[in-house]
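Morning, everyone. Let me put the model up, and then we go through it piece by piece.

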Amino acid sequence: MTETFEIRGKGVVGGRAEGEVLIADTTLSFWGEVDAVTGRVIAVGHPLQGQSLAGRILIIRSTKGSSATPMMLRLAALEGKAPAALVNIEVDSLAALGCIVNGIPMLAGLEENPFEKIRTGDHAVVDADQGILRVTRRRTPR
Amino acid sequence: MELTPEQQAVLEGARGPYLAKLMQWLVAWGEVMGARRLVPVDNTHALLPVPNLMARGASRQTVEQYVAELREACSYRTAPGCYCTVHTAFVTLDPLDVPENDPEQVRLQKELAELAAQAGFIPTFTCAPYLVGNVPLKGEICAWTESSAVVYANSILGARTVRHGNESAIAASLLGWVPEFGVMLDENRKGTLRVEVTADLDSTTDWGALGYFAGKLAGLGIPVFHGVRRPTQDEAKQLCAALATTGGVSMCHIVGVTPEAPTLEAAFHGRVPEDFVVFDDQALRETYASLRNHTGDEIDSVILGCPHASIREIAEIAALLRGKRVAPGVRLWVDAARATKASADAMGYTRIIEEAGGRILCDTCPTNMRIPARRIVTHGFKQAHYARGMTGAEVIVAETGPCIRAAVAGRWLGDD
């Protein structure tokens, strides 16, 4: 039996994407903390260290740090290693810009705390046009 | 967002499809960030790097595509009257005997620099444009990349820039407009986090520790520092860089220093929050300790000048190095803008540093070049934070004096 639920939010950058969730209540700089070519988080001691962002629904508090975040998203997108969608609690201007330029859907302003309900490995659909995050639980919690 | 007829025409293609695309980006970005209009931009700082090193192992296609996008940008002219400077590259344009500084990439970067110059971008190649002539006045409308420089422009100079990415900074440079949102508006420059500082801040690196501590707590907000003396330019540079490393901070207030924060009340636009965090001597020590992950004392790299060193920092480094030798096998690099190095040359500092076995590295930094290293000592919290993942090195963050002592000894000798 699979459990599916929806969280409403606000579309920041329109579009629809789905994929496996990568989630942590953390912040991330794409320059300096992500390798655009492997798509992996390289920041030492980061909660997502070693994880691949490629094709994932990346749910974090916000981006932070370097202003080269959109540039690194561009390079990751050219390499096919960008996240499928970004879901943030707060909107950093750099995440919004990177998503606009690369056509990556982005959602924010969720009505529920995603960090309590969603786990890495869950499947999610982001509909940023409708402002909906639809999550299907992975059968066995890790 | 309401556009003027001229802006609307550009959006609809009156100046060609490329500028229409840039306009679409600016309008879309402005709309999601809550802007109501595009305003004329006075000053920009954009990136024009050949991306090979940052995207190490990227396909030829990716690199060519990215460079083609920069070439296209440089085939236009920057907006009349807009002061446009260029952020760091990922190679140094000087000869440098490390494999990372691949001659083919240097050639390509030089070509881009020439195209940029023809377009009207001044090829400063620095992360600290305010050290080499791009010093916006209070209220000046800027579109700056470089997260540390954004904080410096807003907080120290009283200029106004949101955190720009390369795409928006290039668009602003060529179109001459920028969406007005965030800290560009008075009401969004209000402090959000009160930080009472009781620690003794004795060095530029101590100010970096304060920023590293507060950035984590501030997130995308605006920290207000109370209880500190007026920092030097170099100290302010460290504070701003570290704030935008752990946080996504656009600006801070240093009470008594930030042009619009003569008092704590002014920093909070009236009501001072009762809650505050304290940065005391213990927090200072713990912040240093958080960026010392070394498992041994032998070092191979001492990296100074993050953000790019000022001429006064280079003078201090030269004074500490005079008559000494950097230990064999240790790389001592002082990263600086080319214009700053010209002053260092004239003052004899470059010769002293080179005679000691170090060098002044222009246009870039080892983190940008992703130079492999085993153990790095640095006086920059930003450098220390990112170098671990970017170069694979262990790091030790320390004041400049202990950094130089470590360089000479070839091993970390501690702070005293």
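**A cis proline, then the helix packing**

Start with B:Pro307, which sits in the loop between β10 (301-304) and α11 of chain B. The peptide bond joining B:Cys306 and B:Pro307 is cis, with omega about -10°. Helices and strands here are DSSP runs, H or I of at least four residues for helices, E of at least two for strands, numbered from the N terminus.

Some housekeeping. This is a predicted model: local features need pLDDT of at least 70, side-chain atom pairs count only at pLDDT 80 or more, and totals for chains, interfaces and linings use all residues. Residues are numbered from 1 along each chain as its sequence is written, and chains are lettered from A and ligands numbered from 1 in the order in which they are written.

Confidence next. pLDDT is the predictor's confidence in each residue, from 0 to 100. Chain B averages 97, and 100% of its residues score at least 70. For the model, ipTM is 0.96 and pTM is 0.98.

One more backbone point. B:His269 has a positive phi, near 55°, and is not a glycine. Find B:His269 in the loop between α9 (264-267) and β9 (277-279) of chain B.

Now the chains. Chain B has 16 helices and 14 strands. Its radius of gyration is 21 Å, close to the 22 Å from the globule rule for 416 residues, so chain B is as compact as a globular protein of that length. That radius is taken over C-alpha atoms, and the rule is 2.2 Å times the number of residues to the power 0.38. Along the principal axes, the C-alpha atoms of chain B fill a box of roughly 65 × 60 × 40 Å.

Chain A has four helices and twelve strands. With 142 residues, a compact globule would have a radius of gyration near 14 Å, and chain A agrees at 14 Å. The C-alpha trace of chain A spans about 40 × 30 × 25 Å along its principal axes.

Contact means C-beta atoms, placed from the backbone, within 7 Å. The classes: Ala, Val, Leu, Ile, Met, Phe, Trp, Tyr, Cys and Pro are nonpolar; Asp, Glu, Lys and Arg are charged; the others, Gly among them, are polar.

Zoom in on α3(A). Axes are lines fitted to C-alpha atoms, for helices over the stretch in contact, and angles run from 0 to 180 degrees between N-to-C directions. The cut-offs: under 35 degrees is roughly parallel, over 145 roughly antiparallel, 65 to 115 roughly perpendicular, and the rest oblique.

Which residues of α3(A) and α2(B) meet? From α3(A), A:Ser93, A:Ala96, A:Leu97, A:Ile100 and A:Val101; from α2(B), B:Trp25, B:Ala28, B:Trp29, B:Val32 and B:Met33. By class, that contact has nine nonpolar, one polar and no charged residues.

Stay on α2(B). Helix α6 (residues 166-175) of chain B packs with α2(B) at about 120°, axes 9 Å apart. That makes α2(B) oblique to α6(B). On α2(B), the contact uses B:Leu19, B:Leu22, B:Met23, B:Trp25, B:Leu26 and B:Trp29; on α6(B), B:Glu167, B:Ser168, B:Ala171, B:Leu174 and B:Leu175. The classes there are nine nonpolar, one polar and one charged.

Helix α11 (residues 311-321) and helix α16 (residues 400-409) of chain B have axes that come within 10 Å and cross at roughly 45°. B:Glu316, B:Ile317, B:Leu320 and B:Leu321 of α11(B) make the contact with B:Thr400, B:Gly401 and B:Ile404 of α16(B). Those residues divide into four nonpolar, two polar and one charged.

Notes:
Contact = placed C-beta atoms within 7 Å.
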